[in-house]
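I opened the notebook to look up a few things in this structure. Entries follow in the order I made them.

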Amino acid sequence: SLAAGFVYGVIQFMLEGGIALGWQSMLGDYLIAFGVLGLAGIFTGKPYSIFAGTVVGSVARFLVHWVVGATIMTSPWIYSALYNGSYMLPDMIVSLVVFAVLYVPLKKYLLGEDLKQA
């Protein structure tokens, strides 16, 4: 959910030594950027949910970081896209590979089928 991503952003900022260049950077790079990861939940219950959710959440987070980097840090848009893409794209690819490897053995848990049986 969006709330879980928001809370994760707060925890990451506080416990992992988050760096912000003002309140706008803290709000954008931590609270909003991690909050939008909750968009992955819009595919809940679909057979492809883990993959589509990973792509949607990762792209949404990248877009937030891109806009924040280009506006708050006064960096050019292309620099912000290259910088944020340099870690967001590998992060998304690694996540998709891990989910692909684990999908078959954990399918009933990923789709919530284990909760449907009474």
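Entry 1. I noted before anything else that the model is predicted.

Entry 2. I looked up the largest nonpolar core and found five residues in it: Ala33, Val36, Ala60, Val64 and Val68. Helix α3, residues 49–71, supplies the largest share of this core, with three residues. I then listed the contacts of Val64, leaving aside neighbours within four places in sequence, and got Gly28, Ile32, Ala33 and Val36.

Entry 3. I turned to Asp29, which I found in helix α2, residues 23–35. Is Asp29 buried or exposed? Asp29 counts as buried because its relative accessibility is 14%, and the cut-off for buried is under 20%. With neighbours within four places in sequence left aside, Asp29 is in contact with Phe34, His65 and Val68. For His65 I also recorded a polar contact of 3.0 Å between its side chain and that of Asp29. I checked Asp29 against Gly69 as well: the two are 40 residues apart in sequence, and their C-alpha atoms are 8.5 Å apart in space.

Entry 4. I looked up the second largest pocket and noted about 320 Å³ of space in it. Its lining has 17 residues, and those closest to the centre are Ala40, Ile50, Gly53, Thr54 and Phe99. The elements that give two or more residues to this lining are α3 and α4 (77–110). The largest share, six residues, comes from α3. By type, I sorted the lining of this pocket into eight nonpolar, seven polar and two charged residues.

Notes. Residues numbered from 1 in each chain as written. Predicted model: local features only at pLDDT ≥ 70, side-chain atom pairs only at ≥ 80, totals over all residues. Heavy atoms only, no water. Core = buried A, V, L, I, M, F, W, Y, C linked by side-chain atoms within 4.5 Å. Buried < 20%, exposed > 50% of the residue type's maximum accessible area, 1.4 Å probe, protein only. Helix = DSSP H or I, 4+ residues; strand = E, 2+ residues; numbered from the N terminus. Contact = heavy atoms within 4.5 Å. Polar contact = N/O pair within 3.5 Å; in protein donor to acceptor, adjacent residues only side chain to side chain. 1 Å grid on protein atoms, 1.4 Å probe; cavity = no way out; pocket = protein on both sides within 12 Å on 5 of 7 lines; lining within 4 Å. Points joined across faces, edges and corners; volume = space filled by probe spheres on them. Nonpolar A, V, L, I, M, F, W, Y, C, P; charged D, E, K, R; others polar.
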